[in-house]
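Subject: Structure handover

Hello,

Here is the structure for your files. Please open it alongside this message, as the notes refer to it throughout.

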Amino acid sequence: MSLFWTLIAILVAIIWVITLIDLFRRHLGAGPTIGWLVLVIVLPFVGALIYWIVRKPSSEDIEHYAEVEHEFRGRDPRGRSAPPPP
């Protein structure tokens, strides 16, 4: 049973670190960043869970998703046809 709780603790720590990295990467401004930081530090798992539920995608995320979708469908995002796969 100890191994189970150790794995859960490691998983929560990984989620917490990824949340902090994403929080600083997004440049939300001083106020929102401090608010999220306090919530995530005081309530590590619950704060991270709330952050990921409420988080809206940034404009870079949306552009990346569009490029991936266009590549998947075989078109260039600028409207040109992509070359056929080898």
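Predicted model: local features only at pLDDT ≥ 70, side-chain atom pairs only at ≥ 80, totals over all residues.

The loop residue first. His27 sits in the loop between helix 1 (2-25) and helix 2 (30-42). Its phi is positive, about 55°, although His27 is not a glycine. For background, most residues other than glycine have a negative phi. His27 has a relative accessibility of 71%, so it counts as exposed, the cut-off for that being over 50%.

Next, the helix pair. The axes of helix 2 and helix 3 (44-54) are 5 Å apart, and the two helices pack at an angle of about 140°. Helix 2 is therefore oblique to helix 3, since only angles over 145 degrees count as roughly antiparallel. On the helix 2 side, the contact is made by Trp36, Leu39, Val40, Ile41 and Val42. Helix 3 contributes Pro44, Gly47, Ala48, Ile50, Tyr51 and Val54 to the contact.

Last, the surface. A nonpolar patch is formed there by Ile34, Val38, Val42, Leu43, Phe45, Val46, Leu49, Ile50, Ile53 and Val54. Together these residues have about 900 Å² of accessible area. Helix 2 and helix 3 each supply at least two residues of the patch, and the largest share, six residues, comes from helix 3. Leu43, also in the patch, lies in the loop between helix 2 and helix 3. Leu43 counts as partly exposed because its relative accessibility is 40%, which falls between the 20% and 50% limits.

Regards

Methods:
Residues numbered from 1 in each chain as written. Heavy atoms only, no water. Helix = DSSP H or I, 4+ residues; strand = E, 2+ residues; numbered from the N terminus. Buried < 20%, exposed > 50% of the residue type's maximum accessible area, 1.4 Å probe, protein only. Patch = residues over 30% accessible without salt bridge, like charges linked within 9 Å, V, L, I, M, F, W, Y side chains within 5 Å. Areas by Shrake-Rupley, 256 points an atom, 1.4 Å probe, with all protein chains shown as cover. Salt bridge = Lys/Arg side-chain N within 4 Å of Asp/Glu carboxyl O. Axes fitted to C-alpha atoms, helices over the stretch in contact; angles between N-to-C directions. Parallel < 35°, antiparallel > 145°, perpendicular 65-115°, else oblique. Contact = heavy atoms within 4.5 Å.
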